Amino acid sequence: MKPNYSVALVVLAATLTAHGQKIQVPASWDKLAAKAQEVANVTLDKSMLGLAAKFMKDDNDQDSVEINRLLEKLNGIYVRHIEFKNPGEFTEAEVEPVRAQLQGPEWSQIVNVSDKNSKEKVVIYVRTVNGKSAGMVILAEEPTELTFVHLDGSIDLHDIDALSGNFGIPKDVHAPKANSEKPNPTGEKR
Amino acid sequence: MDPFEEQMKKALRRELPRAGFAARVRRRIAVQEERPRRAVWPWFPALRWVLPILVCLVIVVTLWYRQGKVERARGEAAKQQVYVALRLAGAKMQLAQSKVRQF
Amino acid sequence: MASTSVAESAASGMNFEELVETHQAMVFSLAYHFLHDRAAAEEVAQDVFLQLYFHLEEMGSPVHILFWLRKVTANRSIDEARRRHRRGEVGIEAAGDPASSPDTDQWVNLRLRRLVASLPERQRMAIILRYQEDLEPVEIAALLDISVNTVKSQLQRALILLREKAGVEKRA
């Protein structure tokens, strides 16, 4: 009998959304990362965010202040970003398990743009619990890039607006440049 | 004292050692003095306790310093990861905004 | 060679050479009567004077030096006896001077010395200090760091034992 993956995924999604805190990236993304040109993995829970904020305070500039303000609201930041050399390295099937987890009642899409010409698609979800914001997920599919960003916490519209302005984060602090060191098998960037 | 005790005194009277005893003692002193004597600092008894304490202090301070270094390294790494995450999030937000404006 | 004559006890005014000259018989005899071995006794005696030399500045009056010498000799002799006992060494009494004519007294003395050497350590040292040095029980107690009553009891027991072994009846 053919295993019923869709049922499994729905159950998984339901389980996860019931708790709602961490969206699981499927194991297939590790295989994608293995053949990627560049990879960025970020997994920061509350304690690590606190540590980052502590050292960000030393920077003592307005942008750091803004970032710190955001970090105080967050329970975690989780990012998986994969850049490929050539287009077509990933399929919808690999993205679907993530989307499935964002279908629960707490999650709603606030942005869903899809450009068939450039084959770029960005969906932004927000999570609401008891009428209050509880997190945001950005899922972006581009020809040679796949990006998942989950900001878990009470992120609000101001924060979203500030995000689009990059907080003034220096341009050299970004996802790995092309032709930098090859990612390790787990895909985690160091 | 009774006769037995008197006899005891005779039996246990002092005797001289073999002739040249004093010279033999002198020779041993000379040998002893030629050996380098260990420097016994007058404050050695205190040093016995000070040294272990100092060693412990050095270990504690080193561990504390290294712990601080490790924490600093972790903190800096976490800070950079935050920047990466927020920049990616910002970039994709901008991408979404640009698509919306196009439409 | 070291100039030991220069070493002097500040309090006693005696130099080291003089101290050796004055006390060598006492020190050697204490060790010899205890260990019943001339070579071992000389070794102990040399050790005692060596120790005296390096502690000379701490010495006080002639009485203090004498007390110190007796005490150190007694302790070193006891230590040596225990060390030799652990190692299973047996004291060898040197043969008497062949030139001297043997007399009954000499044989009696030799026998008594052997009997003394067979006593338990504390009794043996108490007996030697009593009859060699003519010390009173209170002086012996101070030297050996024991009570006067213990000294008296040890002396009494030792004498009983020696008389029995020597086949001598105590005069009433």
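Mentor: Two notes before we start. This is a predicted model, where local features need pLDDT of at least 70 and side-chain atom pairs count only at pLDDT 80 or more, while totals for chains, interfaces and linings use all residues. Residues are numbered from 1 along each chain as its sequence is written, and chains are lettered from A and ligands numbered from 1 in the order in which they are written.

Trainee: Thanks! Why is Ser108(A) called partly exposed?

Mentor: Ser108(A) has 13 other C-beta atoms within 10 Å. A residue is buried with 20 or more other C-beta atoms within 10 Å of its own, exposed with 12 or fewer, and partly exposed in between, with C-beta atoms placed from the backbone. The value of 13 falls in between, so Ser108(A) is partly exposed.

Trainee: And where does Ser108(A) sit in chain A?

Mentor: Ser108(A) belongs to strand 3, residues 107–115. Strands are DSSP runs of E with at least two residues, helices are runs of H or I with at least four, and both are numbered from the N terminus.

Trainee: Which residues does Ser108(A) contact beyond its neighbours within four places in sequence?

Mentor: Tyr125(A), Val126(A) and Thr128(A). Contact means that the C-beta atoms of two residues, placed from the backbone, lie within 7 Å.

Trainee: What makes up the secondary structure of chains A and C?

Mentor: Chain A has six helices and six strands, in the order α-α-β-α-α-β-α-β-β-β-β-α. Chain C has seven helices and zero strands. By the burial cut-off, 36% of the 190 residues of chain A are buried, and 35% of the 172 residues in chain C.

Trainee: How many residues meet between chains C and B?

Mentor: There, 30 residues from chain C touch 25 residues from chain B. Helix 1 of chain C gives the largest share of the chain C side, ten residues. That side has 17 nonpolar, seven polar and six charged residues.

Trainee: What makes a residue nonpolar, polar or charged?

Mentor: Ala, Val, Leu, Ile, Met, Phe, Trp, Tyr, Cys and Pro count as nonpolar, Asp, Glu, Lys and Arg as charged, and the others, Gly among them, as polar. Elsewhere, 24 residues of chain B contact 34 residues of chain A, and this chain B side splits into twelve nonpolar, six polar and six charged.
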